[in-house]
Amino acid sequence: MSRIRLLAETVASQVAAGEVIERPASVVKELVENSIDAGAHNIDVSVRRGGISVIRVIDDGCGMDRDDALLCLERHATSKIRSASDLESIGTLGFRGEALPSIASVSRFRLTTREPNAIAGTEVLVNGGKIDVVRDGGEAPGTQIEVRSIFYNLPARRKFLRSENTESRNIEHQLQLQAIAHPEIAFTFVRDERTVFQLPPATKLIDRLRDLFGPEAVERLLEITKASGKIQTHGFVGRAGVSRQTRDQQLVFVNGRAVDNPVLSSALREGYHTALMKGQFPITYFFIDLDPATVDVNVHPAKREVRFRDPGLVREAVVETVRRTLESERASWQQQFRAPPPGNGETTSGPASRPSSAIAAAAGTGIPREFTNLETEFALRGQAAIQSHAPFAAPAGTIQPATRQQPSTPSVAPVDYAQSLGGAGQSTADAVARSGTFQIIGVLNKLYVLMENADGLVLVDQHAAHERILFEELRRRMEEQGVPSQRLLIPQTFDLPPRDAEWIERNVPVLQKMGIGIEGFGPNTFKIDSLPGFVRSTDAVPFMQSVIDELKSASNSSSPLRLGEDMIAKTVCRHAVKANDPLRYLELEKLIQDLLQCDLPYCCPHGRPTMIQISLAELEKKFGRKV
């Protein structure tokens, strides 16, 4: 007796539905995608009890005649593709022809559709995959689909659904994705007879984002610097330091389709790099447009995942776009430091008198010996570097309190800002004010530099700002002079899996530039005779495994000091000016000037912000001047 049997059509449909229809939100996603492919300009979605009771989707698309209305309920019936070659270049959201029959097989299903010029439409009633009624309908042009009692005939599947509130939130999230991807379409979402949102058509993506998330959320975004060529990018990303603890708002769209792809996720993280704190994820609405022939969307039954023909090229495009966008903000960021326009009838003096301090090198030995070839001080730009009498000097620009200065160490003459209305302090403050670049008004708690600009009050964290300055300066110096390396007393050999070995063979020049002396020593075997000087590991095998994992996530344009950036960040954190280190006006002035010249002045190497803005409108609200 044969043990293999052909499944009944009803059972086969329910099995297929399990792949495509996971929850009510999956139903909404498939139906809305069909509406978009049908050329709809208005899409209305209403649900009851989280979509478990009723889901209704109405559109004003092209509609269908009776033959198509019946044929669309057959498995693998679609208007999107004709031959296997069409799968190589899919330009629509749907193409499988599985959604409608899968939905109809696990629900009580009603389809009403009419073409714009047709006298009458068609109404089809389906119960658990079996067509019960086919008759003329009198609905408006377009298509209306109603899904009731989802999974009523699959009680085991129904009990895995979450609460009504959770399912409603999932549906709302799916609709938000479609609304963001297609701002030119009007969307309305009604939940339990209550309108959640009603979005009019928008000519610009920023208008759609403002309608969905509000003006405050939009102000934290940067418009992507568009890239031309084979891979085009557009959209918005969060400013440096703007992040979340989850990927919920890390949205990526490929050819108008919201997708999950590990290559794109890692590329976004790499693009931010030191502009995000560890464990945080950027807020992005990132659109990638490329030739449909170079991306395969026929990977996942629900079409959530895609595969690229050249993932490396896409990854580099994303990384460079994010970096270029963050760096392009520097000009507008510097604009925030411009002094307020004169003529407001008030005179702003410099900071109050503080204990004087010298710009001196640290006397400790906190910097690793490998960095001692950079002992030449790099002080805050424009100020004299002070040579240290210690065996290992901190990065110049390290600002120490007066208690650390030595009698023989020269220092910048202190300025008495208590007399800023007259005398030497007044001339310096006037010079800064005349420069129109920024206007320092004081220091709060010996940590936060208070500055005034045309928008209100700016607070700068002196420690975070100095960290960023020293980080970029030390990294630049080491890139120019090369990464110091140290020879191993006994060279070590180790074996790697084939794929890791192939990666190392392709990247030997990169590894050598990073201070790793490595060469092949047989099939999948390598020999290491030197390591970067800042590496404390004596076992090359775990070190190389961490190198491979780290550099695989980096881009081709990453700094050759990528391996040492953590060490550099830790080093400058120890030697940057600390809280409670009193600074004089000249030091504060140079600190801000140097910060403005950094590639990413908005945050420290650990991703914390260096500056925050408190607007005049916010202050007026606090004081009750505005409601």
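1. A quick word on terms before anything else: buried here means under 20% relative accessible area. By that cut-off E587 counts as buried, because its relative accessible area is 1%. Its salt-bridge partner is R584, with the closest N and O atoms 3.9 Å apart. R584 is buried as well, at 4% relative accessibility. With a salt bridge defined by a 4 Å limit, I'd look at that 3.9 Å pair by eye.

2. Keep in mind that this is a predicted model. The protein has 18 helices and 24 strands, and buried residues make up 50% of its 627 residues. Of the contacts with a separation of 6 or more, 71% are between residues 24 or more positions apart.

3. On to charges. Searching the whole structure turns up 25 salt bridges. One of them joins R56 to E146, with 2.7 Å between the closest N and O atoms. R56 sits in strand β2 (residues 54–59) and E146 in strand β6 (residues 142–148), so this pair ties together parts that are 90 residues apart in sequence. E146 is buried, with a relative accessible area of 9%.

4. There is also a salt-bridge network to look at. Which residues are linked in it? R110, E123, R135 and E139 are the ones.

5. R169 is partly exposed, with a relative accessible area of 46%, whereas E172 is buried at 14%.

6. Then there is R191, in strand β7 (residues 186–191). Leaving out residues up to four places away in sequence, R191 touches V47, N165, S168, R169 and V196.

7. Staying with α6, have a look at how it packs on helix α7 (residues 205–213). The two axes come within 9 Å and cross at roughly 155 degrees. Angles over 145 degrees count as roughly antiparallel, and α6 and α7 are therefore roughly antiparallel to each other. On the α6 side the residues that meet α7 are Q176, A179 and I180. They meet L205, R208, L209, L212 and F213 in α7.

8. Helix α9 (residues 262–272) is worth a look at both ends. At its start, a side-chain oxygen of N261 reaches to within 2.9 Å of the backbone nitrogen of V263. After the helix comes H273, with a positive phi near 50 degrees. The buried residues of α9 are L264, S265, A267, L268, E270, G271 and Y272.

9. H300 is in the loop between β16 (295–296) and β17 (307–308). Is H300 buried or exposed? H300 counts as buried, at 16% relative accessibility. Setting aside residues up to four places away in sequence, H300 touches R96 and E305. From H300 to E19 it is 9.1 Å, C-alpha to C-alpha, although the two are 281 residues apart in sequence.

10. Last one: P609, in the loop between α17 (585–596) and β24 (611–615). P609 is partly exposed, with a relative accessible area of 43%. With residues up to four places away in sequence not counted, P609 touches A464, Y602 and C603. Where along the chain is A240 relative to P609? The two are 369 residues apart, yet their C-alpha atoms are separated by 7.7 Å.

Methods. Residues are numbered from 1 along each chain as its sequence is written. This is a predicted model: local features need pLDDT of at least 70, side-chain atom pairs count only at pLDDT 80 or more; totals for chains, interfaces and linings use all residues. Side-chain values use heavy atoms; hydrogens and water are left out. A salt bridge is a side-chain nitrogen of Lys or Arg within 4 Å of a carboxyl oxygen of Asp or Glu. Helices (H or I, at least four residues) and strands (E, at least two) are DSSP runs, numbered from the N terminus. Buried means under 20% relative accessible area, exposed over 50%, partly exposed in between (1.4 Å probe, protein chains only). Contact means heavy atoms within 4.5 Å. Axes are lines fitted to C-alpha atoms, for helices over the stretch in contact, and angles run from 0 to 180 degrees between N-to-C directions. Angles under 35 degrees count as roughly parallel, over 145 as roughly antiparallel, 65 to 115 as roughly perpendicular and the rest as oblique. A polar contact is a pair of N or O atoms within 3.5 Å; within protein, one must be able to donate a hydrogen and the other to accept it, and residues adjacent in sequence count only if both atoms are side-chain atoms.
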